[in-house]
Amino acid sequence: MELVSKKNSSKRIRFNYFVPSLVDITDNNANIRWDMKEFFEFILNHNHNDLNTAVPLGDEIADLEWNTANIDEKNELYYCQLSKNRSKDIPSKKKLNHDKVPLELEDDEYIGEFNLIVYDARYNLLIVQSNFFGLTVKQISTTLSILRQRIKDAMGKSEKDNPKGIILEPLIDPSEISKIKKHKIYRRIIVKGSDYNFAAADDYKESPLNKAINYLRKIGGVNFNIELSMSRSAKNRSLDADQVRKIIDEVLSIRKNDTVDVAMSIASKANEEDPVDVVNLIEPRLTSEIVIEVENRATIGSEYIYTNFCEQNYLDDKNNMREKASRVSGLTQES
């Protein structure tokens, strides 16, 4: 009996948007946008033998995948993959109704996970593919910082006397808040804060959040972490939408008035059939998502991801995330 489906499956891939900046380690206020063209042009015009791109990250090693580096000249987009490589917690191979077989690696072999990065040279933006098993944003920043220094050294432009680091500043999209407030299904909200004394203020006495944390006084607490969830219920079930929206307004009001240190994240969706969006209410980051068909037992190619990202998302006439990202970042192309 055939137990394994040979059909392709659908996979959702999320992308996060950043402004790449250079930071002077001797002056944290002296940060400027990083023009990555020199970085990518070096990679495109050299090969593995010209530069060591392996970057140790504790128990893991990041690496730049040279054969994925490319340029879309028409659209002024550069792209490549970064990999996270591990030699611990190695899985086994398994056939049904047979014993597992260890996946043995040579001393110079690793298990690799990959993040596609796309650099928009027109607007100086960096888009990073989200991969739960891949590099974190912090690891990508560290990897790019070290690779940039190595490229500077190779070009005879060493910054050893005053090295600069790289930070990826997420693009914040205020329109996400109004979009969330229109959602019909709220699956989870998490509110965190400190200094509950604002609960005594007249403005908040009757608010849902105030009633929840007012008990802190009775037990002498200072910090609060409130989570309301529908995780074990049917997917079409929702927290009370009106109450959630009231809490959203309250948290935004508290934050605006700088009355208390408070943060809120929301897991919600517009309709039952839509995927769940998880958004930080205080810093709603700009993200986008594509859906691709993936062949079973096959690795997704970087070119395939890039092409779908552009067609479904970044350069699509309907979604046009390039236009939105440039607007959110404060940069627009001059005519």
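## Cysteines

Cys 80 is buried, at a relative accessible area of 2%. Cys 310 is also classed as buried, with 7% relative accessibility. Both values come from a predicted model. The cut-off explains the label: buried means under 20% relative accessible area, so Cys 80 at 2% qualifies, and so does Cys 310 at 7%.

How many disulfides does the structure hold? It holds zero. A disulfide is a covalent bond that links the sulfur atoms of two cysteines.

## Strand β1 and its partners

Strand β1 covers residues 9-24. Its pairing with strand β15, residues 287-294, is antiparallel. Eight bridges join these two strands. Strand β10, residues 164-170, is also antiparallel to β1. Here the bridges number seven. Strand β9, residues 125-129, pairs with β1 over four bridges. That pairing is antiparallel too.

Individual residues show how these strands line up. Phe 15 has Ser 288 as its bridge partner in β15. In β9, the partner of Phe 15 is Gln 129. Pro 20 faces β10, where Leu 168 stands opposite.

## Nonpolar cores

The largest nonpolar core contains 30 residues. Which residues have the most contacts inside it? They are Phe 39, Ile 43 and Leu 144. Setting aside residues up to four places away in sequence, Ile 43 touches Leu 51, Leu 64, Trp 66, Ala 69 and Ile 151.

A second core is separate and has 23 residues. Among them are Ile 127, Ile 290, Phe 309 and Met 321.

## The loop at Leu 103

Where does Leu 103 lie? It sits in the loop between β7, residues 101-102, and β8, residues 111-120. Leu 103 is partly exposed, with a relative accessibility of 30%. The label follows from the cut-offs: partly exposed lies between under 20% for buried and over 50% for exposed, so 30% puts Leu 103 in that class.

Leu 103 also meets residues from elsewhere in the sequence. Ile 90 is 13 residues away along the chain. In space, the C-alpha atoms of Leu 103 and Ile 90 are 6.9 Å apart. Beyond neighbours within four places in sequence, Leu 103 contacts Ile 90, Pro 91, Ser 92, Lys 93 and Ile 111. One of these, Ile 111, belongs to β8, which spans 111-120.

Terms used: Residues are numbered from 1 along each chain as its sequence is written. This is a predicted model: local features need pLDDT of at least 70, side-chain atom pairs count only at pLDDT 80 or more; totals for chains, interfaces and linings use all residues. Side-chain values use heavy atoms; hydrogens and water are left out. Buried means under 20% relative accessible area, exposed over 50%, partly exposed in between (1.4 Å probe, protein chains only). Contact means heavy atoms within 4.5 Å. Two strands pair if DSSP finds at least two bridges between them. A nonpolar core is a set of buried Ala, Val, Leu, Ile, Met, Phe, Trp, Tyr and Cys residues joined through side-chain atoms within 4.5 Å. A disulfide is a pair of cysteine sulfur atoms within 2.5 Å.
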